[in-house]
Amino acid sequence: MNPDFNLQVQDALNRRVFLRNTTSFLGLSALAGLTQAKTSSSGLPGFPTHAAKAKRIIYLFQSGAPSQMDLFDPKPAIADRRGEDLPDSIRKGQRLTTMTSGQKKFPVAPTIFKFGRHGQSGMEFSELLPHLSKQADKLAMIRTVHTEAINHDPAITFCQTGHQLAGRPSIGSWLSYGLGSENRDLPAYIVLTSFGSGRPNDQPLYDRLWSSGFLPTRHQGVKFRNTGDAVLYLSNPPGVDTATRRRTLDRLNSLNRERLSQVGDPEIATRIAQYELAFRMQSSVPELLDVSKEPKHVLDSYGPDVHRPGSYAANCLLARRMAERDVRFVQLFHMGWDHHGGLPKAVAGQCKDTDQPTAALLNDLEQRGLLKDTLVVWGGEFGRTVYSQGNLSATNYGRDHHPRCFTMLMAGAGIRGGVTYGETDDYCYNIVRDPVGVHDLNATILDQLGIDHEKLTYKFQGRDYRLTDVHGKPVKGVLA
Amino acid sequence: MGALLLLAIGSMAEDAPDFNREVRPILATHCFTCHGPDANTRKAKLRLDEREAALEILAPGKLVDSELIHRILSEDPDEVMPPPSLKKPLSAAQKSVLKRWVAAGAPYAGHWAFAQPQRSEPPKVKQADWARTPIDRFILARLEQEELQPAPEANRERLLCRLSLDLTGLPPTPTEVETFLKDQSPNAYEKAVDRLLASPRYGEHMAVPWLDYSRYADSNGYQTDGSRQQWPWRDWLIQALNANKPFDQFTIEQLAGDMLPEATLQQKVATGFNRNHRINGEGGIIAEEWRVETVIDRVETTGATWLGLTLGCARCHDHKYDPLSQREFYQFFSFFNNVPETGRLAGQSSNTKPLVNVETAEHRASVAKLETEIKQAEAAAKQAAAELPKLVKAWAPKFSEELSGKKVIWQGVDEATVTSKGGAKFERLEDGSWLPSGPNATHDTYEIRTTMTGDHFTGVLLECLPDARLPNKSLGRYSNGNFVLTRVEGEIVPANGKPVPLKFTRIESDYSQKGWDIKNVNNGQSGKGWAVDGPTRREPIKALFLAGQPVAVPNEATVVLRFVCATLNQHNLGRFRLSLTGATPAAVSLKGDSIPAAVRVALDVETPTPKQWAALEKYYRAHVANPAKAADDRVAAKRKQLADLRKKLPTVMVMEEMPAPRKAFILNRGQYDQPAEEVKAGLPAFLPALPKGAAMNRLGLARWIASADNPLTARVWVNRAWEHFFGVGLVKTTENFGVQAAFPSHPALLDWLAREFVKPSQGVQVNGQPAKAWDMKAFHKLLVMSSAYRQDAKPRTDTYAADPDNRLLSRGPRFRLGGEQLRDRALFASGLLVEQLGGPSVRPYMPVGVWNETTRYGDLRNYKNATDDGLYRRTMYTIWKRTAAPPSMLLFDAPNREVCTIQRSRTNTPLQALSLLNEVTFVEAARRLGGRMLKDGDSSMEARLTYGFLWAVSRKPTPTELAVLRDGLKEDLAYFTTNPEAAKKLLAVGESAAPDDRLAERAAFTLAANVLLNLDEFVTRE
């Protein structure tokens, strides 16, 4: 919010109160209401707990689980083992989903894509990512993220909330609760979603992924919608223009102020402020979403999809605009990464959706001086199996869910660019060195925002809950 | 005197802090993690939750000799407790409490909530005439102790509005307000209470929190989140509350109604409470993992709902705070572990067993009638069948002649070997079709090897048939009942010689799913194929695959056909039947009976064998007009009627007990695949034992929970009732009564209420019915009759500073209404509300694409709002999809109902403002309230506005308020008079009819009503 705004409301209220009134008590209570309204958007006392490197986060969630060995983690050692059964010494009896646990064979499916080294660091990328690979020196690549769940719903819930089952707050809600909002005109936690072209009907997302769980619901993520009003009920009803709405609001405010003077409940003052904020959002949100003034070269850098609202590219551009406006946590969810069959074609489609826009976002942020205090995270809920699900041919294969290792990328604030962290075995099946659990990853994200993840707690049902449960350690190896 | 008394209490407190209120919370939060009940994480073998053990580091009365004191005061990071690494340092105040406690002898006390509540004598008070009920004496005594005055009684409009909203979720009508104001009788208030308690709206309103507790929804949850029908349980709930079922019975029926002797249908339906959990149907899940989660969900939900305990904390290890071991957790788990269920969803949009049909008397009568008719029709068919041999004998030669004249087009495949690459097994059914079962491979190919009469092959007819044993009772093997056919290939294999491959050039079907046309078969494009709307259609379907030219079939040659499903995972064919033809392609179509080869053979021989006769008879009976066929058709028609009727019968998921309980184990780290020691059902040791004669099973558990000796159940419930009427519970943490619970604001009152609920002593009568044990309505009445409840809510200068959060009840409670009540209130004020108890959930307005934004799975997509009463029913009937719950409910703090939720937060946000200002429901309500003002209000502008104000907030506006509204109305009137198009647009919002006269006036009144429906007073119950 315009910093003057709160003061204006406060002044208006005080003037009103003092004109009408009466006891100093009511003046006090009105003030109490405003203070409350103000603290509702600031964070917890004592937070951040240490100097923050990042002011905000853009988390590019790739829902469905991208295949790490086709994109980031090349395994030349098995290139000539196509079709051989995955050795038991590698599988070690680890559990599989029931989509493949009945397979008689687990034929090794080496990637059919070429890898190359990029940047000064020589970070390895598949040919499917020509744009992102040019950003190699900005990126830290963690090849050893691992998780417990083997199905999408619990796995993505775990990434978002630190728990496989519903009911816990999402990471963005934790941040809103801990740090509050930098921009009072916009929510602290905004979610954008897009369907992928690689597997157009997958994977469903759920409200729970940005839910505030047991935290107060004002911390829930606001999902900008792709149809109708981006923010629910933002538009005035048909026939009601801005001036008319302003008139009704003035009337409403004066009636509510009258009530405040009669009843003196500070909650009424808060409500008045919220209606004013709603009114301001009716212009701040459209302004945020209006990309008509973006220069052509910027639009072009995100690729042709940027002109299609609701696409990943369009959402990346919006993410940058939100970062400029200090939205604390922007989370994109791009669906369609679940490639049980026909992977080569599907993964190529997904890369086409995301490669150029992701790279453009990093450049755009950098050029505006925002990358130094914006943390960008890219990745999905688990990895994929080295063995083929279903038939393996020279040009086609599918991969089942694989929780034991997968790759995530980080860039921006506090991240050491060019680092490849962790090592997996020759089959990209098990971690050989430097495992990073999802709790570690989340601890790292919080750490960059100046939060000691062990201190960000909320007492619910008698227990101090944390995003990272009783686990998690920031991954120092990727930090600058 | 008062001051002296206070001082005395103060200094007593100085001596010995109350262990439960002050000391235990410190120990629990800061020490128990390492020195508490959990033996596995206990450090230095030291525990502080029991005095005996703690004495190791405590010297009662001697600070100097108490290691504990030294440790908490130490400045050495290696010495100080709690250790800095725990990041939970003690504050100076907390250290001081511990010092005073040790100095006073370090007395321990059991956790208050685990001890039996005691009914104490309500305290003596000075202003005895203020107290209408014993409740008031508890409240007033505390106020007097703090030298505070209770607030005056709220005015009568306020009281009636408060009472109506609290008891029924709806405000009073202006007429009800007027009647109440006029009623000068001393029991006017009580009459209003009784009237509201008797309203069916009471049950609807009181049910809302139970929907949250029970995680009730119309969808199955998890990835696909398809639909389910659980509303009969919701209707049971409303009905039980309206019928004032005693809470012990209400509890027992929900937890174990199925196990009651001679359980009625309704008692079984009640157990839906513990089947309202989500059920996972995601592809590739390991069912047992999710069955275990389901059972744990029941434990957590039951514990939180009735006992206020967080039992789930002990799934992986002994409870950190409460004296509950991991073993006890799994003993409790065992009570809910014996439901015949797999953990996997039955079908993406269906109810999952165990189920019961919820029949009405009407249904039962129709079923009985049909069953009799079927029996009669079957008898008739049997009689008619006796004539068959004679008829067949006469028909066969004629038919044979007929056939010899023209070529039979389709020959049913009779003898054949059918195999599956993926390991499926095939069962040959009566009608000649094959039904696959067993492994459902990612991609499967069915191979059919058969022979052919005649010397040519032109093509094959594939008939796909629904079967009850296939997923979703449909056509395919994928979990939703669909299949996707990718290719059909084959060859003619002569006895000697080279196989001749078949090339199918003409491919047709009588049905294809949109986007999955039959033309996709054999077209070589990946990701394409033929599908048949298996999840929704479930009808037989035919397809034919023809070669361009008849292919020669030498004697003894084998016809080999392969049906390949390789487009989508596990989308393999289900039950199918095949027929072949050698006719010229031009003569072949999807139509026409296929005559089984056996029939042709039987017709060809001179003297058919008995088996051949049977084949002939079977064919004749099914395909040629004759009395037996007519009788069969009648039987089939009746059976279909019965099946349709049964289909229409709603089912509800219920609890059921397996004959022999499943084994239960302690699960290491709470993991389903890490069973340790076996355990039997049992109760936590810190709570009383089973009531006499109760068995150690789910029914026994239910009786134990609903027993008067259970220290938690009554306390937990009365505290929630208190929260309902007073905004905050006496125990603020209504969801948790464990060791970490907030200490009660009025402990003696809480106990008194708990006892009073179980054993009423106050002679409360509701509509002439004397209070019985566990009487919810009588208890609610007791609360609302109190003076404490009737206080004015306005904060006062003299008490506000001492009681800012109103924990002492120095004024009446004032708080924001829930989302359901807000929408209901708007519908009510506008006259749109359609009141009808129960029934399937309804579809009011929702934002565009509400279900499509984030999924393309399942049947809950493409939301279309109702166009009738469904738009205006009470909000509790709104269809609830868990992964995309009604957005405006979420904005007003509703949980998404994925897990049990006891307490909602109560926030105040700009998104709520936008919803009330702009959402269709609220704009339409404003339009109708505007219309109501114009139609029913008196003719002056002021009178009309006053009338609308009364509907919105149940009181008349003050002159100032009226002036604001009137001036605004004039402005708007002027605006809409010059902008008639704007008026037209505004008046077109919503589906309900809009008169087309006086447009400017109507639009202006709409905006006036829009303001009224956004007043703080409208949003708030005060």
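I call a residue buried if 20 or more other C-beta atoms lie within 10 Å of its own, exposed if 12 or fewer, and partly exposed in between, with C-beta atoms placed from the backbone. By that count, 51% of the 1022 residues of chain B are buried.

**Ground rules.** I am working with a predicted model, in which local features need pLDDT of at least 70 and side-chain atom pairs count only at pLDDT 80 or more, while totals for chains, interfaces and linings use all residues. Residues are numbered from 1 along each chain as its sequence is written, and chains are lettered from A and ligands numbered from 1 in the order in which they are written.

**Confidence in chain A.** I looked up pLDDT, the predictor's confidence in each residue, from 0 to 100; chain A averages 90, and 91% of its residues score at least 70. Over residues 1-40 of chain A the pLDDT is below 50, although this stretch has 53 contacts in the model beyond near neighbours in sequence, where a contact means that the C-beta atoms of two residues, placed from the backbone, lie within 7 Å. Where pLDDT is low, the predicted coordinates should not be read in detail.

**Interface.** I find 73 residues of chain A in contact with 81 residues of chain B. Helices H2 (24-39), H5 (152-161), H7 (242-263) and H8 (266-289) of chain A each supply at least two residues of the side that touches chain B; helices here are DSSP runs of H or I with at least four residues, strands are runs of E with at least two, and both are numbered from the N terminus. H7(A) gives the most to that side, with 11 residues. The residues of the side of chain A that touches chain B divide into 22 nonpolar, 34 polar and 17 charged, counting Ala, Val, Leu, Ile, Met, Phe, Trp, Tyr, Cys and Pro as nonpolar, Asp, Glu, Lys and Arg as charged, and the others, Gly among them, as polar.

**Chain B overall.** I noted 35 helices and 23 strands in chain B, and its C-alpha atoms fill a box of roughly 120 × 85 × 55 Å along the principal axes. Of the contacts in chain B with a separation of 6 or more, 69% are between residues 24 or more positions apart.

**Helix H12 of chain B.** H12(B), residues 231-242, has 12 residues and reaches 16 Å from its first C-alpha to its last, close to the 16 Å expected at 1.5 Å a residue; the expected span is 1.5 Å times one less than the number of residues. Because 11 of its 12 residues are buried, H12(B) is largely enclosed by the rest of the structure. The buried residues include B:Trp231, B:Trp233 and B:Trp236, and the buried residues of H12(B) pack against helices H11 (200-213), H13 (247-256) and H14 (265-270) and strand E17 (651-653) of chain B. After the helix comes B:Asn244, with a positive phi near 55°.

**Helix H23 of chain B.** The 14 residues of H23(B), 713-726, should span 20 Å, and the end C-alpha atoms are 20 Å apart, which agrees. Among its buried residues I list B:Arg715, B:Trp717, B:Trp722 and B:Phe726. Just after H23(B), B:Gly727 takes a positive phi of about 85°.

**Backbone exceptions.** Most residues other than glycine have a negative phi, and most peptide bonds are trans. Phi is near 45° for B:Arg215 and about 60° for B:Tyr222. B:Arg215 is buried, with 24 other C-beta atoms within 10 Å, and B:Tyr222 counts as buried with 26 inside 10 Å. A cis peptide bond joins A:Phe47 and A:Pro48, with omega about -5°, and another cis bond runs from B:Met81 to B:Pro82, with omega near -10°.

**Cores.** I take a nonpolar core to be a set of buried Ala, Val, Leu, Ile, Met, Phe, Trp, Tyr and Cys residues joined through C-beta atoms within 7 Å. The largest has 315 residues, and A:Ala140, A:Met410 and B:Leu1013 are among those that touch the most other members. H8(A) gives the most to this core, with 11 residues.
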